[in-house]
Amino acid sequence: MALVEIKVPDIGDFDEVAVIEVLVKAGDTVRAEQSLITVESDKASMEIPSSAAGVVKELKVKIGDKVSEGSVILTLEAEAGASSAPAPAPAAAPASAAAGEGRGEGAAPAPAPAAPASAPAAAAGPVEVRVPDIGDFKDVAVIEVLVKPGDTIAAEQSLITVESDKASMEIPSSAGGTLKQLKVQVGDKVNIGALIAVLEGSAAATPSPAPAAASPEEDRATAPASQAPQKDAPASTPAATPLPAHDPAATHTPGPLPHASPSVRKFARELGVPLAEVKGSGPKGRITQADVQSFTRAVLAGDAQTKAQAAKAPAAKSGGGGLDLLPWPKVDFAKFGPVERKELSRIKKISGANLHRNWVQIPHVTNNDEADITELEAFRVSTNKENEKSGVKVTMLAFVIRAVVAALKKFPEFNASLDGDALVYKQYFHIGFAADTPNGLVVPVLKDADRKGILQISQEMGELAKKARDGKLGAADMQGGSISISSLGGIGGTHFTPIINAPEVAILGLSKSATKPVWDGKQFVPRLLLPLSLSYDHRVIDGAAAARFNAYLGQVLADYRRILL
Ligand code: CAO
């Protein structure tokens, strides 16, 4: 077996594009043309296939890296006789390949995203929209029609999805306006120049057909109103406050990917929807945007039982089944003064969707308490002095992690997750901790905290926090948590309400410790108190149990010898 480097092929105008998914891992056996990574520009995403078959030796890219033609993706122990050509077809199918049911069967690399030819024609009369030059795609089947007569179409909005045996892509509109006539339907075969639709009253002066079409997924990802009425897409409401969230990468773990177009995948990512759990209603089980929306609605509405209860409830305006929220206020902020618009980071978008789901779906209650850490803090300070040379700094969080393990052992329902009508009790003690990074919040998980001493916990926490800040956490670093801790103690605050990191059932928030007068029965004495804010899922945990958990945690922190009991 020869060791070959698999490189990014000629991907047209795609230059310095971000890797947003890594679809394989070291040790995987890949077929020639199997997709290895997904890259994304501001216009489209596409999968990069392997030019050879073999076993992945070493991955050379990770999520967030920027790649261009020639960048090495991975090294491969190539199968005998396999091609080691670094770059397959120089100009393959346009737009991203959302591989069909054999995702390995050839997600062809895509050339340039459509840089629409400019043709400022603010025509008010009928405008014909035709299939642009779609490279090697010939006689391809229309598998989705994304618009209907009467819709207001924005220039570059996707109109139809076509699919060959190699890849699928969305065809954007070359102009804006009102859709008067649709000239294609699902099942039709189209070629370059085929008439798709007739528009009227061109809204935006844009272009004649793009020379090399791509999937302008932003259009669909942001769900034009005509396609996704507000009440149909509750989860697309802007996210709640940034609090610990699931690993964004967790939704992109390697494995067989669902059959969906790039824009639908992006849409799902933005909502934090695990596509693998969505049932596709399109041809060959293809997942459509509507499927993702229905999934989100179902999740937000809770399980069947909850829905039934909600239906019986004496009803708010909406009947209680869903979130019949007002549309998000649309404000022209520039009217009030200078403004600057900045896109949310990827982590923020994904964690926002997770937080929103968790906040809406889990009935949160927060129990606030205080732990007397006067003696523990003195011990921490002396430990740090003794260990000055080791380079490992012990913070209060390490002691809290170990104390939380003791509390989880005493109150096992806090180390559990809901699975339908059952509660899954975990027999491991993996503690997640929210880490602030320049790109947003992530929650690395410190594994087997019950088997580690304070120094080892401190050291591993430091390593994980550094990895988080450097954007180097892998999916495995952020999975499998028993409970999470969100510590704002180094910053300030007295108490807060952390949002539970589903499917966990509780999260502990730590605020800044402060010296306060405490009555000891005879007099006020100065004691160092650490605020504990325990948010719990009230479906699983009763208020009394939460108060006991927090009180016990306080006792352990006040007298650490209790851990031994
Ligand atoms: N009270 C008072 N001081 C505290 C404290 C507390 N509860 N917790 C930590 N501190 C002190 C530390 O002792 C340290 O002091 P020195 O600099 O004098 O040594 C300082 O605050 C900074 O600590 P740290 O933040 O470096 O270390 P940590 O172990 O407490 O936290 C980590 C590590 C990764 C959790 C943290 O750096 C971080 O990212 N925190 C933010 C997490 C966050 O954003 N949570 C909110 C999510 S929304 O729910």
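Which residues form one aromatic cluster? Phe411, Phe414, Phe549 and Tyr552 do, and the close-ups below visit them and some of their surroundings. This is a predicted model, in which local features need pLDDT of at least 70, side-chain atom pairs count only at pLDDT 80 or more, and totals for chains, interfaces and linings use all residues. Residues are numbered from 1 along each chain as its sequence is written, and side-chain values use heavy atoms, with hydrogens and water left out.

**View A. An edge-to-face pair joins Phe399 and Tyr560.** Seven aromatic pairs turn up in a search of the whole structure (rings of Phe, Tyr and Trp, the latter by its six-membered ring, with centres within 6.5 Å; planes under 30 degrees apart count as stacked, over 60 as edge-to-face and the rest as tilted). In this one, the ring centres of Phe399 and Tyr560 are 5.5 Å apart and the planes stand at 85°, so the pair is edge-to-face. Because Phe399 lies in helix α7 (residues 396-410) and Tyr560 in the segment after α9 (543-558), the pair ties together parts that are 161 residues apart in sequence. Helices here are DSSP runs of H or I with at least four residues, and strands are runs of E with at least two, both numbered from the N terminus. Phe399 has 1% relative accessibility and counts as buried (under 20% relative accessible area; exposed is over 50% and partly exposed in between, with a 1.4 Å probe and protein chains only).

**View B. Phe411 meets Phe549 in a tilted pair.** Their ring centres are 5.9 Å apart with planes at 55°. Phe411 sits in the loop between α7 and β18 (416-419) and Phe549 in helix α9, so this contact ties together parts 138 residues apart in sequence. Both Phe411 and Phe549 are buried.

**View C. Two lysines sit over aromatic rings.** The charged end of Lys409 is 5.4 Å from the ring centre of Phe429, while Lys410 lies over the face of Tyr552 at 5.3 Å from the ring centre. The criterion is NZ of Lys or CZ of Arg within 6 Å of the ring centre and within 35 degrees of the ring normal.

**View D. A salt bridge links Asp372 and Arg527.** The whole structure holds 18 salt bridges (a side-chain nitrogen of Lys or Arg within 4 Å of a carboxyl oxygen of Asp or Glu). Here the closest N and O atoms are 2.6 Å apart. Asp372 belongs to strand β17 (residues 364-372) and Arg527 to strand β27 (residues 524-537), so the pair ties together parts 155 residues apart in sequence.
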